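Let's take a walk through this structure together, one piece at a time. Have the sequence handy as we go.

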Amino acid sequence: MEMDFSNMFSVAGKTVVITGGSRGIGEMIAAGFLSNGAKVIISSRKAQACEETVERLKAEYGGEIYAIPSDVGSLDGVNHLVSELEKKEDKVDVLVNNAGVAWGASLDEFPEHGYDKVMDVNVKGVFFLTQKMMPLLRKAASAENPARVINIASVDGMHTSPMSGYIYGTSKAAVIHLTRFMGSQLAKENILVNGIAPGPFPTYMLSTGVGYKGETEGVDWDAIGSRTPMGRVGAPSDVAGLSIFLSSKASAYITGHTIPCDGGIVSGS
């Protein structure tokens, strides 16, 4: 067997689509790919936030990045994203399904519209965007260089958390199982599907959950991180590095798995 260990972790020249890419973990992943030579397309609901992130990342890392604002919580939004993408790209090497929402409420008070919003974005959006992106992914896929789908789940889908608000954790558990199904079914088409389950990262979503109203500056992230076995919150390079690994030659024999990126929370629970 010929052994080729060159460019093991390279993503240079790949076309990468990242939903929820205007802030938080999505922006961290976008920055990682952009700084390593990939073309990056980000999407989120708010056009202004998308454009501000594009300009910020382009100024810091250079490279090729643009945005297609869309709401992947609805089929209309999914179709809009894909149709606009097809006007500019003939293939997609990597799809990162990162867009997600949470809703905090007690069991007695949890509203139906909150349930629907979480499940629509976190589960339905992942399923239908992957479905509609299949033609572009197939064009990029080969046995030598498979296309990739990375579903961003959460450690709350692997253990119970008082912060998950019932449906957030349940939705992320669904994403993990959907990743297993997609991984097994799409492998024969040279499309590898894996997931990442982040723990605490310094993001708008976690800030909101711990009472800081979405602010990421001025938060005692050290105190929050001290609850993990590793004693810290995640850094952008942690989740970006894992995403790059799952998009590179180094992971070409892995599919259907969800890897915690959590400082040891799942293994310690």
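A pocket here is an open set of grid points with protein on both sides within 12 Å along at least five of seven lines, and a residue counts as lining it if it has an atom within 4 Å of a point. Keep in mind that this is a predicted model.

With that in hand, look at the second largest pocket, which holds about 370 Å³ of space. Its lining is made of 16 residues, and those nearest the centre are Arg-23, Gly-24, Glu-27, Met-28 and Pro-236. H1 gives the most, with 6 residues. Sort the lining by class and you get 8 nonpolar, 6 polar and 2 charged residues.

Next, hop over to strand S1, residues 15-19, where 5 of 5 residues are buried. In a regular strand, side chains alternate between the two faces of the sheet. You can follow that in S1: Thr-15, Val-17 and Thr-19 point one way, Val-16 and Ile-18 point the other way, and all are buried. S1 runs parallel to strand S2 (residues 39-43), joined to S2 by 5 bridges.

Finally, trace helix H5, residues 167-186: its 20 residues reach 27 Å from first C-alpha to last, close to the 28 Å expected. Its buried residues include Ile-167, Tyr-168, Val-175, Met-182 and Leu-186. And what covers the buried residues of H5? Among the elements doing so are helix H4 (112-140), strand S5 (147-152) and strand S6 (191-198).

How values were computed: Residues are numbered from 1 along each chain as its sequence is written. This is a predicted model: local features need pLDDT of at least 70, side-chain atom pairs count only at pLDDT 80 or more; totals for chains, interfaces and linings use all residues. Side-chain values use heavy atoms; hydrogens and water are left out. On a 1 Å grid over the protein atoms alone, a cavity is a set of points where a 1.4 Å probe fits but cannot get out, and a pocket is an open set with protein on both sides within 12 Å along at least five of seven lines; lining residues have an atom within 4 Å of a point. Grid points are joined across faces, edges and corners, and a volume is the space filled by probe spheres set on the points. Helices (H or I, at least four residues) and strands (E, at least two) are DSSP runs, numbered from the N terminus. Ala, Val, Leu, Ile, Met, Phe, Trp, Tyr, Cys and Pro count as nonpolar, Asp, Glu, Lys and Arg as charged, and the others, Gly among them, as polar. The expected span of a helix is 1.5 Å times one less than its number of residues. Buried means under 20% relative accessible area, exposed over 50%, partly exposed in between (1.4 Å probe, protein chains only). Contact means heavy atoms within 4.5 Å. Two strands pair if DSSP finds at least two bridges between them.
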